[in-house]
Amino acid sequence: MPSSTKLPRRISLTQYLVEQQREHGRIQPPLRLLIEVVARACKRIAIAVNKGALGDVLGSTDQSNVQGEVVKKLDVIANEVLVEANEWGGHLAAMASEEMDSIHVVPNRYPQGEFLLLFDPLDGSSNIDVNVSIGTIFSVLRKVGHGRGVSEEDFLQPGKHQAAAGYCVYGPQTTLVLTVGDGVAMFTLDRETGSWVLTEDQVKIPQDTREFAINMSNMRHWAEPVRRYIDECLAGQEGPRGGDFNMRWVASMVADVHRILTRGGIFLYPWDKRDPGKPGKLRLLYEANPMAMLVEQAGGMASNGAQRILDIVPTRLHERASVILGSRNEVERVTSYHRG
Ligand code: P6P
């Protein structure tokens, strides 16, 4: 159980958002509508995910996306659900998705709003067919320019400008994790009523951890600072850390980050020598940035090794980043090795 101060009142997502609007002035009605629409879309995605082999949702399409990855059927379904749910409400100017080469501008037949929504509609797709937790990641930015025009450049904002960020993890429970800049809240889907119910509030990541998450099969490709950090963890009691470490790797960022928000840990998907021109595997705008905002809001730290992820100024919509995030003292140790 996350080390939050006390069990929260069992209130709905709607009541939580109204209170954030009314008592904390954190959000205004259009952002509240946006979050509720995304949460409703995640419920629909959860239903499709849970069908598994009973629905025609498993397996791959014959397409590959802008990332060069094979597109799973559920990737397409999740993307369509999010686009269709969000384009008519008047709260958005445009959307961007891992599954779409370019931005999707709200059609002229609908009013445009001030927000930009970015998402990885179904993260961890390689786990779909083997029934391992996957998730939807989303990030909300404000459109800087005024008037109806919107372009890719409007999306190229550093993550510290996010108005909100979150994910939905489709696991043993279906859980929506959200921040609007006032800490991190977790909502569990009550399938009997169809409601998102607040189950954790003001989530805090322990400053220290003895659990790391990294794909060890890439070890020979890592840069020296990462190699040093993991070697020291593996050395355990007899090594410089003077204690044993545990390892987890779900290969689904949402699942790994949810574990870290719940009990601490450090997650690394660093730059490696396989493709030196690529900063890392994970995408900055709709994976690293929203997760970095959540982790920082929960008292953790998120770096690319050289700088705070939320300070990175993007230059391309689908650009990638090296990601080191989680328990503050461990992330700080890794970044100090990069400085050293
Ligand atoms: P690997 C899933 O494809 C993803 O984008 C993240 O969710 C996950 O952390 C990572 O890639 C897994 O990558 O190389 O271990 O399969």
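The model is predicted. I looked up which residues make this contact. From α2 they are L34, V37, V38, A41, R44, I45, A48 and V49, and from α3 they are L74, I77, A78, V81, L82, A85 and N86. I sorted them by class and got 13 nonpolar, one polar and one charged.

Next I took the geometry of this pair. Helix α3 spans residues 73-86, and its axis lies 9 Å from that of α2, at an angle of about 150°. Angles over 145 degrees count as roughly antiparallel, so α2 is roughly antiparallel to α3.

Then I turned to α1 and α2. Their axes come within 10 Å and cross at roughly 160°. This pair is therefore roughly antiparallel too. I noted the hand of the α1 and α2 crossing as right-handed. On the α1 side I found L13, T14, L17, V18 and Q21, which meet P29, R32, I35, E36 and A39 in α2. By class, I listed six nonpolar, two polar and two charged residues for the contact of α1 with α2.

Last, I checked burial in α1, residues 13-22. Its buried residues are L13, Y16, L17, E19 and Q20. They lie on the same side of α1, because they cover an arc of only 160° around the axis.

Definitions and conventions:
Residues are numbered from 1 along each chain as its sequence is written. This is a predicted model: local features need pLDDT of at least 70, side-chain atom pairs count only at pLDDT 80 or more; totals for chains, interfaces and linings use all residues. Side-chain values use heavy atoms; hydrogens and water are left out. Buried means under 20% relative accessible area, exposed over 50%, partly exposed in between (1.4 Å probe, protein chains only). Helices (H or I, at least four residues) and strands (E, at least two) are DSSP runs, numbered from the N terminus. The arc is that of the directions from the helix axis to the C-beta atoms. Axes are lines fitted to C-alpha atoms, for helices over the stretch in contact, and angles run from 0 to 180 degrees between N-to-C directions. Angles under 35 degrees count as roughly parallel, over 145 as roughly antiparallel, 65 to 115 as roughly perpendicular and the rest as oblique. A crossing is left-handed if the near helix is turned anticlockwise from the far one by less than a right angle, and right-handed if clockwise. Contact means heavy atoms within 4.5 Å. Ala, Val, Leu, Ile, Met, Phe, Trp, Tyr, Cys and Pro count as nonpolar, Asp, Glu, Lys and Arg as charged, and the others, Gly among them, as polar.
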